[in-house]
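Welcome! Try each task before reading its solution.

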Amino acid sequence: MLIAIMCLDKPNHLDLRMATRPAHLEWLKANVPDGVYIGPLFDDDGETFKGSLYILDFEDIAAARAWIADEPYYKADLFEVGDHAPQQKHFPSYLVRCFMLPDPDELAGRVLCQVEDLAATKAKDVIIKNGDEQYSIMVVQWKGDIHAFVNSCPHARVPLNMLGDTFFDLTGNYLLCTMHGAHFRPTDGYCTRGPCRGKSLRPFPVEVNGNDIVVVPDAA
Ligand code: FES
């Protein structure tokens with residue numbers, strides 16, 4: 001499926017972009033899947049680099065995540081993911097999915113998964129669709145209670161997990177962002193360690209109804 005990955009440069013990082021560009025171009029020669037577009041994004045002047053856009057054919061979201069995680073600009077920490085690019089809603093991008101926030105009131109009553117789905121990993125990455133939009137919600141079981149959060153790290157607004165339903169760190173006590181190692185409490189999503197320390201995952205309201213984990217309206 002075609003997936004668009006839109007990445008915006010951090011402010012005042014042109015030097016890093018230009019220094020990394022040779023490695024980026026060399027890497028692309030051997031690592032480009034079929035697709036529609038690879039190229040830079042420019043500022044309004046049409047000249048100043050502002051980011052990169054990839055619209056490529058991946059087997060699934062996990063493959064897209066793995067691909068961008070290995071891309072030299074991304075590895076050099078050039079990009080931030082913002083929510084201010086007006087064209088973002090036009091792309092079925094996993095990055096778009098991460099920084100568009102789902103509205104629990106619209107999704108109330110939707111069954112995310114069953115409690116037994118959490119047995120193996122104590123967590124599950126649930127993709128929910130609402131019209132043309134789709135979101136990733138992480139559902140977590142911790143000491144008998146169920147919690148859910150929008151799967152978007154407050155550091156760079158990318159998903160915490162690279163692959164599958166593995167969200168917990170090796171101790172099993174914290175949710176781990178695989179991108180830069182932020183640790184989050186599974187009870188309230190508070191970041192205790194890492195680049196977004198002091199920030200929190202966005203909670204997503206759910207309740208257990210029998211064996212179903214169901215979206216409920218936001219009480220706030
Ligand atoms: S994206 Fe950097 S810690 Fe999550």
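pLDDT is the predictor's confidence in each residue, on a scale from 0 to 100. It matters here as you are looking at a predicted model.

**Exercise 1. Find the mean pLDDT of the protein chain, and then the elements with the lowest and highest mean values.**

Step 1: Begin with the whole chain. Its mean pLDDT is 83, and 87% of the residues reach 70 or more.

Step 2: Go element by element. Helix α4 (residues 94-99) has the lowest mean pLDDT, 45, while β10 has the highest, 98.

**Exercise 2. Describe the protein chain as a whole: how many helices and strands does the chain have, and what share of its residues is buried?**

Step 1: Count the elements. The secondary structure comes to five helices and 13 strands.

Step 2: Turn to burial, where a residue counts as buried if 20 or more other C-beta atoms lie within 10 Å of its own. Of the 220 residues in the chain, 34% are buried.

Step 3: Residues 24 or more positions apart account for 57% of them.

**Exercise 3. Work out where the buried residues of helix α2 lie around its axis.**

Step 1: List them. In α2 (residues 61-69), the buried residues are I61, A64, R65 and I68.

Step 2: Look down the axis. These buried residues fall within an arc of 100°, so they line one face of the helix.

Step 3: Recall a general rule. An α-helix has 3.6 residues a turn, so residues three or four places apart point the same way.

**Exercise 4. Trace the open sheet that contains β9, and explain why its edge strands each have a side without a neighbour.**

Step 1: Find the edges. β9 (175-176) and β11 (191-193) each have a single partner strand, so one side of each is left without a neighbour in the sheet.

Step 2: Zoom in on one pair. β9 and β10 (residues 183-184) are joined over two bridges, and L176 has H183 in β10 as its bridge partner.

Terms used
Residues numbered from 1 in each chain as written. Predicted model: local features only at pLDDT ≥ 70, side-chain atom pairs only at ≥ 80, totals over all residues. Buried ≥ 20, exposed ≤ 12 C-beta atoms within 10 Å, placed from the backbone. Helix = DSSP H or I, 4+ residues; strand = E, 2+ residues; numbered from the N terminus. Arc of directions from axis to C-beta. Contact = placed C-beta atoms within 7 Å. Pairing = 2+ DSSP bridges.
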